[in-house]
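Dear colleague,

I am handing over the structure below, together with some notes on what was found in it. Please read the notes with the sequence and the model side by side.

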Amino acid sequence: MRATSVFSLLVATVGTHVSAQTSSTSSAAPSTTITPEGPVTGKLGNATVVSNNPAGVVYKAAFPEAPFFKAAYPDGGNLKGAVIATANPDGKGVLFKLKLSNLPKSGGPFIYHLHVNPVPENGNCTATLAHQDPFVRGEDPVCDKNLPETCQVGDLSGKYGAIPEGKDTFEANYLDLYASTHEGIGAFFGNRSIVFHYANKTRVSCANFELVADGGGVPLPSAETSVCSTSIHPHPTGANATRTTTTILSTGAVTSSTSAPTPPSASTVPIAAGTSVRVGGAGVIAFAAAIMFML
Ligand SMILES: [Cu+2]
């Protein structure tokens, strides 16, 4: 009896909650739920901040010589340049650096996204499928850049602005907290692609991300707070954060070369103090090279 009445109450509460939420949104935004904390757009919630990106990992997507949509370049050529994505040194988010030139003369403002699938060998941008959207948000309603956590993880132009038409070049640098260089999670984009579109969504060109620096393959622990409470792991906060990152990168660079970062597990999470203080000369050079590359 008691369980039944609790259940009834729960159903009634949820019902009221849902109707209150849906009535405040338009029909164009069927998936948005308004909560006391703000709108929630994804079926799996809003995008979550990724704070355990492995330090020193860099991916690069360089556009090919020929466009996918040939009519965008009637005189030949293609969009030039690349998107470089670097794990934030503190592990929180990814720094995106766009440097593009030879933009199409019309069809803007241009939009671009991380797409779910890589570009196949034949260069077919359609095969990259939809935007990277691990929280199952969909494209509607359009991204509100003031609430980036409610946007699709892959909707970079939605979150940070479209590329204006009428200029030959475009550069941007920003930190996205929701994308990840941490292999194995939905927000990981290293095995995916970037697609450059006309404003009307026509796919002009696309490129795959490729690993250009692996940071030594030593990921930061996923359960950062719990690991930090132990005595064997230096606490990565404040002034120590950079030093800790440097140490991990340097140590890893000495012991590992090209292996891709692996998701942390019980056996890889703890970093012994003895290991972390061993910084070889080669490691320092590798770190300096990584910084130079980022600049
Ligand atoms: Cu796209």
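Two strands are said to pair if DSSP finds at least two bridges between them. With those terms, Ala 82 stands opposite Lys 99 in strand 5.

Some words on the basis of the notes come next. This is a predicted model, in which local features need pLDDT of at least 70 and side-chain atom pairs count only at pLDDT 80 or more, while totals for chains, interfaces and linings use all residues. Residues are numbered from 1 along each chain as its sequence is written.

The pLDDT, which is the predictor's confidence in each residue on a scale from 0 to 100, has a mean of 74 for the protein chain, and 63% of the residues reach 70 or more. Over residues 1–29 the pLDDT stays under 50, and the model has nine contacts for them beyond four places in sequence, a contact being a pair of residues whose C-beta atoms, placed from the backbone, lie within 7 Å. It also stays under 50 over residues 217–295, for which there are 107 contacts beyond four places in sequence. Where pLDDT is low, the predicted coordinates should not be read in detail.

As for the chain in general, the protein has six helices and ten strands. Of its 295 residues, 39% are buried, where buried means that 20 or more other C-beta atoms lie within 10 Å of the residue's own, exposed means 12 or fewer, and partly exposed is in between, with C-beta atoms placed from the backbone. Among contacts with a separation of 6 or more, 71% are between residues 24 or more positions apart.

Turning to the sheets, five strands form an open sheet in the order 7-5-4-3-10, with antiparallel pairing. Strand 7 (170–176) and strand 10 are the edge strands, each pairing on one side only, and the twist from one strand to the next averages 15°, taken between axes that are lines fitted to C-alpha atoms (for helices over the stretch in contact), with angles running from 0 to 180 degrees between N-to-C directions. Within this sheet, strand 4 and strand 5 run antiparallel and are joined by eight bridges, and Ala 87 has Val 94 of strand 5 as its bridge partner. These two strands form a hairpin with six residues between them, and Gly 91 in the turn has a positive phi of about 85°. Strand 3 and strand 4 pair over five antiparallel bridges, with Ala 62 opposite Ala 82 in strand 4 and Ala 61 partnered by Val 83. Strand 4 is largely enclosed by the rest of the structure, because six of its eight residues are buried. Strand 3 also pairs with strand 10, in the antiparallel sense over four bridges, and there Val 57 stands opposite Asp 214.

Three strands form an open sheet in the order 6-8-9, again with antiparallel pairing. Strand 6 and strand 9 stand at its edges with a single partner strand each, so one side of each is left without a neighbour in the sheet. Strand 6 and strand 8 pair over five bridges, and Ile 111 has His 197 in strand 8 as its bridge partner.

Beyond its neighbours within four places in sequence, Tyr 178 is in contact with residues including Ala 47, Pro 148 and Ala 187.

Two loop residues complete the notes. Gly 215, in the loop between strand 10 (210–214) and helix 3 (224–228), counts as buried because it has 29 C-beta neighbours inside 10 Å. Glu 165, in the loop between helix 2 (156–160) and strand 7, counts as partly exposed because it has 15 such neighbours inside 10 Å. The C-alpha atoms of Glu 165 and Ser 106 are separated by 6.5 Å, although these residues are 59 apart along the chain.

With best wishes

Technical notes:
Contact = placed C-beta atoms within 7 Å.
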